[in-house]
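Student: Please take me through the following model by question and answer, starting with its charged pairs.

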Amino acid sequence: AAQYVFPILQRGPNYSFKLFKSDIVSGLTIASLAIPQGISYAKLASLPPIVGRYSSFVPPLVYAVLGSSRDLAVGPVSIASLILGSMPRQKVSPINDPLLFLQLALSSTFFAGLFQASLGLLWLGFIIDFLSKAILIGFMAGAAVIVSLQQLKSLLGITHFTKQMGLVPVLSSAYHNINEWSWQTILMGFCFLVFLLLARHVSMRKPKLFWVSAGAPLVSVILSTILVFAFKAQHHGISVIGKLQEGLNPPSWNMLHFHGSNLGLVIKTGLVTGIISLTEGIAVGRTFAALKNYQVDGNKEMMAIGLMNVIGSATSCYVTTGAFSRSAVNHNAGAKTAVSNVVMSVTVMVTLLFLMPLFQYTPNVVLGAIIVTAVIGLIDFPAACQIWKIDKFDFVVMLCAFFGVIFISVQDGLAIAVAISIFKILLQVTRPKTLILGNIPGTDIFRNLHHYKDATRIPGFLILSIEAPINFANTTYLKERILRWINEYETEEDIKKQSSIHFLILDLSAVSAIDTSGVSLFEDLKKAAESKGVELVLVNPVGEVLEKLIRADDARDIMGPDTLYLTVGEAVAALSSTMKGQSSSYV
């Protein structure tokens with residue numbers, strides 16, 4: 001029982017020094033990436049930079065004990081930081097009231113963790129499945145654009161920048177404050193941005209050189225800090241972080257808000273950030289688990305990430321999850337277990353205790369360049385093109401998520417995309433796919449007339465296939481559609497001067513479920529068909545469909561020996577002999 005709750009106990013008895021050596025290397029590698037990213041993402045969330053460091057210390061320790069993934073590297077991520085920095089702004093300014101803003105961020109983290117852990121505890125993980133691949137690709141790309149544009153403040157050296165997140169307000173603010181642009185800041189930002197993008201490109205082309213992109217952010221921070229300190233650049237238009245507090249995470253339980261006018265906003269922010277960060281963390285964990293051929297328990301991951309954020313909210317940490325870029329570095333560095341997160345935490349702890357004064361002169365422009373480099377990988381053009389080729393409706397959903405995020409807001413863009421996806425599901429439920437089947441000459445196989453050009457109709461038969469569960473939501477549509485097909489078929493036969501329809505055959509092989517409304521559908525269809533001189537025949541009802549139809553048909557009107565067959569070919573062969581004037585060539 002203890003091993004189930006604490007997966008680290010499963011790995012403990014088999015842990016060796018050889019595994020530890022690999023975890024040390026990977027832990028130190030991701031620490032070099034986590035240290036600058038922690039500061040950068042905290043600024044993205046409009047929080048004090050030190051909070052980003054705190055969030056790279058406690059949460060990884062919690063995850064190492066509770067998490068089931070060997071490769072997931074835990075810490076702050078760009079999308080959750082963006083949401084956490086934008087939603088509380090609706091009521092509280094991080095500039096005018098930074099303490100209250102911090103309290104709201106920590107409270108949102110608590111509710112995000114509570115929601116995540118509850119999903120895992122109650123086995124409700126299917127809720128996050130409403131964020132389809134199309135939604136996530138569009139949402140991530142839109143968020144990446146917004147995050148990158150937000151860095152114009154740092155990259156251009158602008159002091160008075162808009163607090164809004166939309167594309168138009170951000171570009172407008174950058175244009176109208178052109179007099180605040182600092183050429184020194186622009187030059188430094190451009191140089192380090194090129195350096196970081198080049199390092200990323202090298203690592204993408206040659207995965208064995210993963211350490212190039214992993215170490216580039218820390219190298220950039222060190223070099224830029226030395227340059228600022230040596231040339232006193234803070235006096236020449238380049239803004240710096242300033243003095244950072246030393247020491248480990250202070251307790252923050254007393255800062256959490258469980259009442260007051262901001263409670264609704266806090267819960268809403270926690271819900272949105274919780275879903276997004278949970279989706280990202282589980283997706284990343286499953287991706288690397290598939291590469292190494294091991295299983296990740298989704299419900300355990302939800303509880304681990306949730307408890308990680310609940311504990312984090314009480315120790316001055318904001319929302320954290322498994323980041324793809326950091327986890328990729330962890331994987332490529334040879335991580336064997338979650339102990340690599342412990343190594344990273346210890347490294348961050350040493351930094352918090354002894355090295356914080358060294359970051360006093362770190363320029364904000366380099367942090368902006370690090371964020372842009374990190375989020376640019378979230379824009380997945382090949383995946384978007386693939387969605388366009390496969391499903392045009394999914395492509396529309398993806399565009400709605402993308403444009404909703406960049407033109408309206410992060411949460412509204414996500415809500416619009418989810419609403420459209422749910423609408424698509426409702427359409428599929430209420431408008432099930434029904435096909436007209438025809439015979440492939442020389443065989444007793446029947447297939448979709450629109451997909452198989454050689455398939456032909458059998459005179460006197462209307463053969464339909466229903467390819468969805470039949471329930472109260474779609475019975476009316478199915479009845480109207482089938483009767484309309486009968487009328488259209490008879491009209492066509494009259495024009496061709498051929499025999500009219502005698503049998504309506506419904507292939508139910510693909511119908512996996514049925515309810516009482518569905519059973520009534522067949523009774524109504526039988527009566528409507530008989531009034532037109534047509535006999536209803538059912539083919540291969542399976543599982544519960546067959547059981548419910550038998551229980552409902554006491555008189556054997558629907559499930560009689562002459563109206564129930566195993567295959568369409570068998571039904572046509574048996575019924576053809578009863579049709580007057582029917583040729584025997586098919587039989």
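Student: How many salt bridges does a search of the whole structure find?
Tutor: The model is predicted, so local features require pLDDT of at least 70 and side-chain atom pairs pLDDT 80 or more, whereas totals for chains, interfaces and linings use all residues. Residues are numbered from 1 along each chain as its sequence is written, and side-chain values rest on heavy atoms, without hydrogens or water. A salt bridge is a side-chain nitrogen of Lys or Arg within 4 Å of a carboxyl oxygen of Asp or Glu. By that criterion, the number of salt bridges in the whole structure is five.

Student: How many residues apart are the partners Lys292 and Asp71?
Tutor: The side chains of Lys292 and Asp71 meet in a salt bridge, with N to O at 2.9 Å. Lys292 belongs to helix 13 (residues 263-292) and Asp71 to the loop between helix 5 and strand 1; helices (H or I, at least four residues) and strands (E, at least two) are DSSP runs numbered from the N terminus. The pair thus links distant parts of the chain, and its separation in residues is 221.

Student: Is Asp71 buried or exposed?
Tutor: The classes are buried (under 20% relative accessible area), exposed (over 50%) and partly exposed (in between), with a 1.4 Å probe and protein chains only. Asp71 has a relative accessible area of 0%, so the class of Asp71 is buried.

Student: Which helices hold Lys424 and Asp394?
Tutor: Lys424 forms a salt bridge with Asp394, with 2.9 Å between the closest N and O atoms. The two are 30 residues apart in sequence, so the pair ties together separate parts: Lys424 is in helix 20 and Asp394 in helix 19.

Student: Why does Lys424 fall in another accessibility class than Asp394?
Tutor: Asp394 has a relative accessible area of 23% and is therefore partly exposed. Lys424 counts as buried because its relative accessibility is 16%.

Student: What distance separates the closest N and O atoms of Lys548 and Glu544?
Tutor: Lys548 and Glu544 are four residues apart in helix 23, so about one helical turn separates them. An α-helix has 3.6 residues a turn, so residues three or four places apart point the same way. Both residues are partly exposed, Lys548 at 28% and Glu544 at 33%. The closest N and O atoms of this salt bridge are apart by 3.3 Å.

Student: Which helices do the buried residues of helix 19 pack against?
Tutor: The buried residues of helix 19 are Phe395, Val397, Met398, Ala401, Gly404, Val405 and Ile406. Taking contact as heavy atoms within 4.5 Å, these residues pack against helix 8 (133-150), helix 10 (167-176), helix 18 (381-390) and helix 20.

Student: How far apart are the end C-alpha atoms of helix 16?
Tutor: The expected span of a helix is 1.5 Å times one less than its number of residues. Helix 16 (residues 339-355) has 17 residues and should therefore span 24 Å. The end C-alpha atoms agree with this, being apart by 23 Å.

Student: Which strand do the buried residues of helix 16 pack against?
Tutor: Buried residues of helix 16 include Ser340, Asn341, Val343 and Met344. Their packing partners include helix 3 (17-44), helix 15 (324-332) and strand 1 (74-75).

Student: Where is Ser46, with its positive phi?
Tutor: Phi of Ser46 is near 60 degrees, a positive value in a residue other than glycine. At a relative accessible area of 19%, Ser46 is buried. Ser46 is in the loop between helix 3 and helix 4.

Student: What accessible area does the nonpolar surface patch with Ile425 have together?
Tutor: Patches consist of residues with over 30% relative accessible area and no salt bridge, joined within 9 Å for like charges and within 5 Å for nonpolar side chains (Val, Leu, Ile, Met, Phe, Trp, Tyr). Ile425, in helix 20 (residues 410-430), is partly exposed at 39%. Areas come from the Shrake-Rupley method with a 1.4 Å probe, and for residues only the protein chains shown count as cover. Phe126, Ile127, Phe130, Ile422, Ile425, Leu426 and Val429 together have an accessible area of about 570 Å².
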